[in-house]
Amino acid sequence: MTTPYFTAETLAFLSKLAKNNRRDWFEQHKSVYETCVRGPALAFIADIADELAVISPHFMAQPKKLGGSLMRVHRDIRFARDKTPYKTNIGIQFRHERGKDVHAPGFYLHISPLECFLGVGLWRPESRVLGVLRDALLAHSTKWLAVRNEKNFTSIFSLSGSSLQRAPRGYAADHPLIEDLKRKDFIAISALTQEQVLGARFRELVISRFRVADHFMQFLCTALNLQY
């Protein structure tokens, strides 16, 4: 694609939504949302599918309005203190074919007026899955360290997410990998500038960075007995 997917109007709509996060306002401006946000996002997802499949054919790029790679704009407010109804960012997740939700391994794109970034890995896995990952770190510590410290990977991505305050039950507090064993998320983040997001070569940039995370994603999938 020689023209940008996302434009200044995309970010402007998200900024206005943040200031007018009400159903009546959104309904009045839904055509702008379709033109400047959902439409470009679905086009991006459709166009990146073949390139993502080269990295791994087991991660899905589904350009569907509902139930696909584009995360819904409506917030789940059932148990939230914040009752504003809409998300003020674009969230796109290319999750593993065996994953049912955002807690599966995936490649992620986040776009908002406040911050833009790429994410890779596993966010908020259930306790059983965390245990499997922690055991994999112990069983394959040399491989994990090579993946975690890979020069190309660390030059673009930084490990992020939440961690336990203390060592998880069953793991020694003085273990050399204790900081990794304490992780509740196995994710890595790569910051993007607005200029990059709005650029005509944005898809190429995203794919090149996802490719750098290849060994990291492969380690997680192998640990969870998922095809990569």
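**Exercises on a predicted model**

Ser 15 is found in helix H1 (residues 8-19), where helices are DSSP runs of H or I of at least four residues, strands are runs of E of at least two, and both are numbered from the N terminus. This is a predicted model in which local features need pLDDT of at least 70 and side-chain atom pairs count only at pLDDT 80 or more, while totals for chains, interfaces and linings use all residues. Residues are numbered from 1 along each chain as its sequence is written, and side-chain values use heavy atoms, with hydrogens and water left out.

**Exercise 1.** Classify the accessibility of Ser 15.

Solution. Buried means under 20% relative accessible area, exposed over 50%, and partly exposed in between, with a 1.4 Å probe and protein chains only. Ser 15 has 29% relative accessibility, so Ser 15 counts as partly exposed.

**Exercise 2.** Describe the surroundings of His 58.

Solution. Begin with the location: His 58 lies in the loop between helix H3 (30-55) and strand E1 (90-95). Next, the relative accessible area of His 58 is 15%, and therefore His 58 is buried. Finally, leaving aside residues up to four places away in sequence, His 58 touches Arg 95, His 96, Glu 97, Gln 227 and Tyr 228, contact meaning heavy atoms within 4.5 Å.

**Exercise 3.** Identify the residues through which H4 and H10 meet, and sort them by class.

Solution. From H4, Val 132, Leu 133, Ala 136 and Leu 137 meet Phe 219, Leu 220 and Ala 223 of H10. By class, this contact has seven nonpolar, no polar and no charged residues, where Ala, Val, Leu, Ile, Met, Phe, Trp, Tyr, Cys and Pro count as nonpolar, Asp, Glu, Lys and Arg as charged, and the others, Gly among them, as polar.
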